Amino acid sequence: MTKNIMIAGVGGQGTLLTSRILGAALIAQGYDVKVSEVHGMSQRGGSVITYVRYGEEVFSPVIEEGQADVILAFEELEAARVLTYLNKEGKLLVNMQKLDPMPVITGAAEYPDDLIWQISQSVCVMPVNALQLAEQAGSSKCVNVVMIGRLAQELEIPYDTWIQALRQTVPEKFLELNLRAFELGFRQE
Amino acid sequence: MKQLFLGNAAVARGAYEAGVRVVSSYPGTPSTEITEEMVRYSEVDVEWAPNEKVAAEVAVGASLANGRAMSCMKHVGLNVMADPVFTASYLAPPGGLVFCVADDPGMHSSQNEQDSRHYAKAAKIMMLEPSDAEECRDFARDAFELSEKFHTPVFLRLSTRVSHSQGLVEPGEVQVHVPGPYVKNAQRVAVPVNSRKMHVEVEKRTKEEVCFAENCAYNRIENHGSRIGVITSGISYMYAREALGDQVNYLKLGIVYPLPEKLIRSFAAQCECVYVIEELDPFLEEHCRALGVDVRGKELFTPIGEYNADMISRVVLGRPLAEHVQPLETRLPARPPVMCAGCPHRGVFYVLAKLGLHVAGDIGCYTLGANAPLNSMDFNLCMGASIGTAFGMVKAQGREFGKKVVSVIGDSTFIHSGITGLIDIVYNQGNNTILILDNSTTGMTGHQDNPTTGRTIRGIPTRQVDLELLCKAVGVTRVKIVDPFDVELMEKTLREELEADEPSVIISQRPCALLKSVRYQGKFRVTEDCRKCRRCMKLGCPAITCRNGVVSIDPLQCVGCGLCEHVCPFGAMVREENT
């Protein structure tokens with residue numbers, strides 16, 4: 001049975017690195033893995049989605065509506081946008097952060113209120129104060145790795161495998177910082 | 001040990017395993033990483049060429065001199081390189097020669113979604129199409145051998161989801177391929193007397209390739225004892241497998257040109273009903289119909305955009321792939337891509353918007369200047385076209401119109417194919433004004449070096465094209481260099497150059513904010529001197545927001561570029577030194 005993890009965020013929040021860390025951990029567990037990402041134009045501050053699929057044999061690299069077992073959302077509006085991708089028993093892990101998109105900045109649209117409350121009416125939502133934890137770890141830029149730490153609580157992958165995956169994928173210079181970020185996410189209630 | 005490879009990285013690995021000697025390309029999403037990944041392999045001579053045509057010519061030359069060679073590009077890049085490619089098909093150079101082209105169904109990062117398979121048919125060049133990273137490596141590796149076996153260049157066709165998906169690949173052995181001595185063969189001078197003979201050979205080899213396609217490992221039947229058959233290739237095969245599993249039989253085509261005949265007929269004969277599932281145009285479908293095979297295709301599946309498993313499940317099985325949660329009733333604001341905080345293009349487009357000029361656009365990050373709140377682009381066409389199209393507009397509307405229209409073009413795009421448009425304007429006595437947005441890199445595709453940056457793809461220092469001297473050398477006497485953050489000077493210069501009744505070039509010079517070498521000190525904040533005039537909001541900077549009339553700067557997004565300080569009339573934007 002193929003399992004599906006979807007990562008949704010804003011260009012620049014590090015969804016690509018997140019999928020690489022996740023991919024490395026899943027390979028170490030002996031799964032067939034496919035990761036799909038989008039580069040180029042859509043990266044520049046736009047909505048960015050990355051798919052991670054694993055199991056015995058994975059065919060399509062893309063997760064479709066109703067297929068995601070877990071959605072890892074780095075921003076509230078982006079969580080709401082990809083809601084339909086979640087399957088009925090799926091879990092939505094969301095970083096409680098609001099980033100205004102350009103139509104909100106220019107005043108053409110409003111950032112909706114109570115998004116997370118609205119989402120929680122239909123699916124299982126697990127909010128994470130990842131920005132705060134990332135700053136505690138040493139940089140607002142490691143929101144993504146805090147979220148991986150939180151995700152690690154939901155998956156049956158040994159702790160050491162995660163640490164090994166971080167060591168493989170994160171550049172040496174930022175490793176200590178990211179290990180701290182992972183730890184904070186992993187210990188989060 | 002199996003490793004995760006991006007489809008593009010797997011292509012690079014495959015070419016390396018085949019002993020490729022020369023790789024020459026121009027960046028273009030989704031193909032860029034193939035050539036970037038080649039840098040890992042120190043034995044390979046890899047380069048960024050100024051454009052795809054030159055890249056293809058370098059690869060053909062390397063192949064003529066017995067080296068295995070490859071050139072990689074996005075689908076629209078194939079248009080640029082089409083001229084050498086069509087005749088390379090005739091020349092049939094001896095070294096394995098592969099043209100790797102990445103299509104972009106769904107247009108994630110492109111101006112159109114043309115289907116490259118038509119080129120294979122038109123140029124009579126064999127085309128392989130992998131479905132995942134493992135096949136990317138296998139097909140790229142084998143393409144060189146097929147090229148030498150059939151005396152033809154070979155296309156490797158990718159699409160965004162194949163190029164930009166990672167899958168498991170077991171790296172294989174690396175062949176050592178040393179080119180034999182070069183031997184002149186004057187039959188390869190493509191003049192009519194020789195080309196007539198070469199064309200005969202092309203037709204002959206195509207017949208041989210068809211025989212090969214009938215019975216090779218790249219085209220395979222997966223028989224699950226169903227009465228339904230699916231003919232498919234590339235990423236569509238993966239979507240079909242996802243949707244239909246073992247419930248149907250598959251004819252999976254790894255060679256999409258030339259196509260087999262007997263194989264398709266015998267597959268169809270085993271099934272009561274055959275679907276052709278392929279993204280974009282009915283390429284396989286038309287071939288089947290020409291063979292008299294009854295298939296269902298584009299009457300059920302769209303020729304537009306990407307496919308997915310859900311769409312296939314609905315058509316073939318009559319049910320959706322999965323049930324899903326209902327969307328929220330609240331309307332969600334879109335999040336379009338924007339120029340980054342600190343982007344040097346922002347200053348230019350702020351001035352263009354202020355002056356209300358007509359802007360002929362080009363291909364690069366600055367195409368984002370078309371979006372709100374800058375709204376400063378009238379149209380764009382293709383790489384380098386901002387200059388020729390603007391000249392055409394002035395010809396149609398009259399010389400006065402030249403005072404209201406500007407071309408905007410990036411440094412890499414200008415070298416790619418903008419320079420020829422500029423020569424046209426000088427030669428034919430135009431009065432256009434051209435803005436070259438020199439940000440010291442090829443930005444949109446992820447920061448590749450180019451002839452104006454002074455570094456090669458391997459980061460080795462090299463001669464740098466001097467844009468100012470280049471423009472002067474082709475006969476432009478009015479060339480100005482302006483910092484785009486000095487919006488007052490930019491406005492003044494633009495006004496002057498638009499008035500001049502001769503060609504002008506303004507080089508807007510400031511490096512991309514994402515380059516590692518660019519570091520601004522401190523971040524900005526808004527002081528109580530703010531009079532809420534909202535002029536700064538016209539910049540479309542993602543770091544500046546206005547809630548309930550109060551302007552503020554998000555310290556997480558601000559990079560400290562200081563452009564807002566230049567546009568604020570009240571000095572309310574202040575740099576905080578220690579943040």
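I count a residue as buried if 20 or more other C-beta atoms lie within 10 Å of its own, as exposed if 12 or fewer do, and as partly exposed in between, with C-beta atoms placed from the backbone. The model is predicted: local features need pLDDT of at least 70, side-chain atom pairs count only at pLDDT 80 or more, and totals for chains, interfaces and linings use all residues. Residues are numbered from 1 along each chain as its sequence is written, while chains are lettered from A and ligands numbered from 1 in the order in which they are written.

**Chain B overall**

I looked up the domains of chain B, whose bounds come from an automatic or database domain assignment. They are domain 1 (3-214), domain 2 (219-316), domain 3 (345-509) and domain 4 (523-576). I found 56 Å between the C-alpha centres of domain 2 and domain 4 of chain B.

Next I checked overall dimensions. The C-alpha atoms of chain B fill a box of roughly 80 × 65 × 50 Å along the principal axes. Buried residues make up 55% of the 579 residues in chain B.

I then listed secondary structure, taking helices (H or I, at least four residues) and strands (E, at least two) as DSSP runs numbered from the N terminus. Chain B has 18 helices and 22 strands.

Why is strand 10 of chain B described as largely enclosed by the rest of the structure? Five of its six residues are buried. I looked for its partners; two strands pair if DSSP finds at least two bridges between them. Strand 10 of chain B runs parallel to strand 13 of chain B, joined by five bridges. It also pairs in the parallel sense with strand 11 (residues 249-253) of chain B, over five bridges. Gly229(B) stands opposite Val274(B) in strand 13 of chain B and opposite Asn249(B) in strand 11 of chain B. From strand 10 the chain crosses through helix 9 to strand 11 of chain B, and this β-α-β crossover is right-handed (with the strands pointing away from the viewer, the path from the first strand over the helix to the second runs clockwise).

I turned to helix 12 (residues 309-316) of chain B, where six of the eight residues are buried. Among them are Met311(B), Ile312(B) and Val316(B). The buried residues of helix 12 of chain B pack against strand 10 (228-233), helix 9 (234-244) and strand 13 (273-277) of chain B. Gly318(B) follows helix 12 of chain B and has a positive phi, near 75 degrees.

**Strand 4 of chain A**

In strand 4 (residues 68-73) of chain A, five of the six residues are buried. Strand 4 of chain A pairs in the parallel sense with strand 1 (residues 3-10) of chain A over four bridges. Ile7(A) has Leu72(A) as its bridge partner.

**Contact between the chains**

I took residues as in contact if their C-beta atoms, placed from the backbone, lie within 7 Å. The contact takes 52 residues from chain A and 49 residues from chain B. Strand 2 of chain A gives the most to the side of chain A that touches chain B, with five residues. I also found two bridges joining strand 2 of chain A to strand 8 (residues 165-169) of chain B, in antiparallel sense. Val35(A) has Gln166(B) as its bridge partner.

Key
Contact = placed C-beta atoms within 7 Å.
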